[in-house]
Amino acid sequence: MKTMFVWVALALALTLGSARVQAEDGYDLWLRYRPVPAEVRGVLQARARAIVAATPTTPVLQAAVAELQRGVQGMTGKAPALSTRLVPGALVLATPAQALAGLDVPWADLGREGWLLRSQKLQGRDVTVIAANSDAGLLYGSFAWLRAVQTGANLARLDQRSVPKVGLRLLNHWDNLDRHVERGYAGASLWDWWKLPDILDARYTDYARANASLGINGTVLNNVNSKADSLTAPYLAKAAALAGVFRPYGIKVYLSARFSAPRELGGLKTSDPLDPAVRAWWKAKADEIYKTIPDFGGFLVKANSEGQPGPQDYGRNHADGANMLAEALAPHGGVVMWRAFVYAPEAKDRAAQAFDEFQPLDGKFAPNVIVQVKNGAIDFQPREPFHPLFGAMPKTPLALELQITKEYLGFATHLVHLGPLFEEVLQADTHRGGTVARVVDGSLHGHKLTAVAGVANIGTDRNWSGSQFDQANWYAFGRMAWDPDLKAAAVAREWAAQTFTNKAASRDAIVDLMLASREAVVDYMTPLGLHHLMDTGHHYGPGPWVNDLERADWNPTYFHRAARDGIGFDRTRTGSNAVAQYAPALARLWSDPRTTPPELLLWFHHLPWDHAMPSGRTLWAELIARYDAGVASVDDMGRRWAGLRADIDPERHAEVTAYLAVQAREARWWRDACIAYFQSVSGLPLPAGTRPPAQGLEHYKSLRFGFAPGRG
Ligand code: BDP
């Protein structure tokens with residue numbers, strides 16, 4: 001008997017032990033809940049003795065309780081039980097309907113989804129209150145408490161509250177029905193359309209947990225380059241099955257709608273938005289969708305852009321198209337997110353087109369339409385000035401679209417943290433009364449319908465995002481969509497603490513590396529306001545020489561305009577005058593090279609190679625210095641990461657090390673190829689001391705990447 005006991009104990013110890021040293025593969029994201037040191041364990045157990053929630057009957061509340069139990073179990077080895085009695089050390093989940101005597105919560109300040117976390121005495125007992133006006137708020141509050149624990153907050157003195165500033169916080173999946181993800185670098189689509197609706201992969205739930213932990217409350221399941229099939233009954237049933245998994249996590253499902261669906265599916269002769277039969281078709285379709293998915297969020301539409309059908313095919317405008325869909329969704333409470341990403345071949349400057357098409361339509365959209373605008377006027381480049389539509393359509397709610405997947409920033413193998421990019425655009429002053437954040441959160445023009453969308457970087461890769469550090473871009477997106485005023489540094493700190501280590505020095509070293517990475521990529525790809533220098537189709541690697549594509553504005557040469565006389569796109573009055581789309585104060589500043597920040601110089605100006613830069617260098621020398629700085633910065637990131645070896649688990653440390661080596665090699669490739677090309681155009685010698693490109697220009701031009709992932 002005694003021996004048996006010893007064996008059982010040993011087996012148990014081994015199991016627990018192996019759980020403890022389980023390999024870190026990134027699957028758990030920032031929700032790792034790893035065992036905490038003994039001294040922390042005691043404190044945590046004392047603060048999570050039980051969970052008091054009057055009636056955890058709703059699925060959302062059950063999800064909140066389950067997450068708290070899972071977290072505490074992971075960190076301490078013991079899950080708190082549900083209790084109806086207020087015991088000391090309880091976690092109390094409270095709503096106004098289920099508030100306990102003595103609880104004093106400023107309910108009115110918490111809004112529909114906000115939460116409050118507070119350690120306090122209640123009925124003579126030390127407890128932690130998680131309060132919200134809704135179950136979704138309690139779910140977010142529960143995740144906030146777990147975040148507080150994992151980031152080392154003092155659990156005896158919690159006093160936090162947060163209310164989302166933006167209503168719709170959405171992921172946009174560019175996922176096709178065959179599971180190819182357009183611009184996806186993290187494997188295949190999570191959605192196994194073929195096996196849906198019968199088979200529900202466990203990852204769907206983990207995906208929802210991760211999103212809920214950030215406050216993401218909606219997901220567009222299919223690519224903006226959409227197929228009408230997504231709107232057919234079999235696919236609606238599949239979408240409904242996903243909606244069923246996501247619902248307990250406060251996440252609604254949306255679909256990208258193909259504008260020509262009435263013709264393609266309904267057999268109509270036209271998809272003209274003003275045709276009564278077309279309108280009736282969409283109304284019936286909306287009714288059918290809501291029968292299948294009662295809390296369906298709405299449609300995302302890419303129309304008359306890059307070959308997609310749209311209202312202009314029938315001589316109508318974007319408002320006509322959007323309003324028709326809005327009318328069909330309105331009785332059900334759905335919204336239309338109508339994208340402003342458009343450009344036509346005849347436009348003289350692609351950067352100016354969205355403004356030209358959309359700004360005159362201000363005030364013409366139905367109340368449940370939100371116009372979704374990319375952060376910049378070209379296309380998710382490493383750096384762009386904020387889109388001139390922000391602030392210029394006061395009568396129309398505008399959503400901000402960010403790209404989390406790094407189509408133009410080295411795919412998943414480059415470590416580029418996007419928090420600083422998000423912060424830069426959100427905090428940009430439109431000079432029309434406020435920042436982009438104030439436009440997007442609706443406060444500048446008094447809009448209730450508000451949204452931030454992120455093109456997802458999620459796929460079937462074990463680590464979800466294609467690399468460990470790309471998880472941080474998902475994280476930063478979600479947190480900054482909830483509160484556009486969060487600082488990138490603070491968000492990165494939270495992420496690093498939960499994902500890698502809570503040891504302050506190492507955590508901060510990780511954060512420094514992350515924050516430096518964005519400027520690094522700008523420098524080694526497109527410094528000084530250059531943009532769209534990537535190679536054709538796959539968008540991987542440099543291709544500044546490309547000038548033979550069918551449309552002028554697909555060619556990098558169109559964008560950089562490098563020639564013997566200089567480099568850059570003149571967007572001032574002497575050129576395309578796109579700068580005039582910005583508020584007059586800003587347009588004035590950016591019209592003059594002397595008052596244009598160096599970061600945006602060649603976006604707005606075509607300047608001679610010997611133009612004097614603030615650094616005292618010529619433009620030519622400055623360009624090369626920036627490329628060198630980018631490469632040096634990546635080398636530095638590698639050194640910093642190497643120094644963190646002792647504090648990071650070996651699996652992830654080795655993986656990131658290998659990725660950084662790829663990035664270091666490819667940063668040189670970008671630098672060398674661009675310098676070789678620009679030198680061939682400028683005809684200038686390299687400044688003294690410059691390392692010449694490793695290969696001749698012809699070598700870089702000859703490289704082909706037929707099987708690069710994520711192609712459109
Ligand atoms: C471009 C992508 C293309 C997308 C397009 C869009 O290369 O795959 O379809 O954006 O946003 O950047 O619609």
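**Notebook: ligand site, aromatic pairs, backbone**

I began with the ligand and found 14 residues around it, the closest being Glu182, Lys302, Arg339, Asp379 and Glu407. I note here that the model is predicted.

I then sorted this shell by class. Eight of its residues are charged, four are nonpolar and two are polar.

For Arg339, I read 2.6 Å between a polar side-chain atom and an oxygen atom of the ligand. For Asp379, an N or O atom of the side chain is 2.6 Å from a ligand oxygen atom. For Asn225, the distance from a side-chain N or O atom to an oxygen atom of the ligand is 2.9 Å.

I moved on to the aromatic rings and counted 39 aromatic pairs. I picked out one of them, Trp174 with Phe380, which is tilted, with 6.5 Å from centre to centre and 45° between the planes. What does this pair tie together? Trp174 belongs to the loop between β7 (168-172) and α5 (202-214), and Phe380 to the loop between β12 (369-374) and β13 (398-403), so the pair links parts that lie 206 residues apart in sequence.

Last, I went through the backbone. I kept in mind that most peptide bonds are trans and that most residues other than glycine have a negative phi. Which form does the peptide bond from Leu196 to Pro197 take, cis or trans? I found it cis, with omega near 5°. Pro197 is placed in the loop between β7 and α5. I also noted Leu29, which is not a glycine but has a positive phi of about 55°. I located Leu29 in the loop between α1 (2-20) and α2 (38-47).

Notes
Residues numbered from 1 in each chain as written. Predicted model: local features only at pLDDT ≥ 70, side-chain atom pairs only at ≥ 80, totals over all residues. Heavy atoms only, no water. Near = heavy atom within 4 Å. Polar contact = N/O pair within 3.5 Å; in protein donor to acceptor, adjacent residues only side chain to side chain. Nonpolar A, V, L, I, M, F, W, Y, C, P; charged D, E, K, R; others polar. Phe/Tyr/Trp six-rings, centres within 6.5 Å; stacked < 30°, edge-to-face > 60°. Helix = DSSP H or I, 4+ residues; strand = E, 2+ residues; numbered from the N terminus.
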